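Here are my notes on the model you sent over. I've kept them to a few points you can check by eye.

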Amino acid sequence: MRLSERIQKILDRLDREYGTDYRCYLEHENAWQLLIATILSAQCTDARVNIVTKDLFVKYPDIDSFARAKLSELESDIRSTGFYHNKAKNIIGCCKALRDEYGGEVPSDIEALTKLPGVGRKTANVIRGNIYDIPSIVVDTHVKRISYKLGITKETDPEKIEYDLMKKLPKDHWILWNIHIITLGRTICKAVNPDCENCFLRELCPEGDKTVSLKKRKA
């Protein structure tokens, strides 16, 4: 089976299993809240970030309040998300830039976004896709691992993976790919003990049957 044909079959099954509605797992009411939540989500679960931001966005109700925040206090507020020193420093710097350079608006341009403190291509594409509906591919740990496992990319660098997937996936599935693959990675194709035997993509995955066969031989 050609790769393009296999990719289409994978997309069709993902659509049937998970639907085609866009959804974001990070709770937010506007662009700047999503930006901060995404910065906090590095090496942290979305569930934990949502717990933290529930109170955080009450204490700091706008960009200016984050820009004026005391570093040590903000560190304490976000400590449970991990890497809190760098995250707090980046959030304050990012909000100062948004306030002073962009009039309090979160830009949609990827070059402008990635110039903000703490904002890489992954975070920028989360904003572009979820806020501005600009087709974007977000390469997180699930997308990196499962795209490779499915044989869709042989790249290992996140930016190279992004560009490779943009060539191989239809544009109308760029945002959906991240949504679907996160769900798959959290429920079936887990990094540890993936449930290949019950995966609806098993026969389309080069690693699926290998994993099942290996488990049967060990049993």
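Predicted model: local features only at pLDDT ≥ 70, side-chain atom pairs only at ≥ 80, totals over all residues.

**Notes on the model**

1. Residues are numbered from 1 along each chain as its sequence is written, and side-chain values use heavy atoms, with hydrogens and water left out.

2. A search of the whole structure turns up 5 aromatic pairs (rings of Phe, Tyr and Trp, the last by its six-membered ring, pair if their centres lie within 6.5 Å; planes under 30 degrees apart are stacked, over 60 edge-to-face, the rest tilted). One of them is Trp32 with Phe57, edge-to-face at 5.6 Å centre to centre and 80° between the planes. Trp32 sits in helix 2 (residues 31-40) and Phe57 in helix 3 (residues 46-59), so this pair ties together parts 25 residues apart in sequence (helices are DSSP runs of H or I, at least four residues, numbered from the N terminus). Trp32 is buried at 12% relative accessible area, and Phe57 is buried at 11%. The rings of Phe57 and Phe66 have centres 6.3 Å apart and planes at 75°, so that pair is edge-to-face too. Ring pairs link Trp32, Phe57, Tyr60 and Phe66 into a cluster.

3. How do helix 9 (residues 141-149) and helix 11 (residues 174-187) cross? Their axes come within 9 Å and cross at roughly 85° (axes are lines fitted to C-alpha atoms over the stretch in contact, with angles from 0 to 180 degrees between N-to-C directions). That makes helix 9 roughly perpendicular to helix 11 (65 to 115 degrees). The contact (heavy atoms within 4.5 Å) includes His142 and Ile146 of helix 9 and Trp177 and Ile181 of helix 11.

4. Phe200 is in the loop between helix 11 and helix 12 (208-218), and is buried at 17% relative accessibility. Phe200 and Arg13 are 187 residues apart along the chain, yet their C-alpha atoms are separated by 7.4 Å. Not counting residues up to four places away in sequence, Phe200 touches Arg13, Leu14, Glu17, Tyr18, Leu184 and Ile188.

5. On cysteines, a whole-structure search finds 0 disulfides (a pair of cysteine sulfur atoms within 2.5 Å). For Cys196, the nearest cysteine sulfur is that of Cys189, 6.2 Å away. Cys196 is buried at 7% relative accessible area.

Notes
Buried < 20%, exposed > 50% of the residue type's maximum accessible area, 1.4 Å probe, protein only. Helix = DSSP H or I, 4+ residues; strand = E, 2+ residues; numbered from the N terminus. Parallel < 35°, antiparallel > 145°, perpendicular 65-115°, else oblique.
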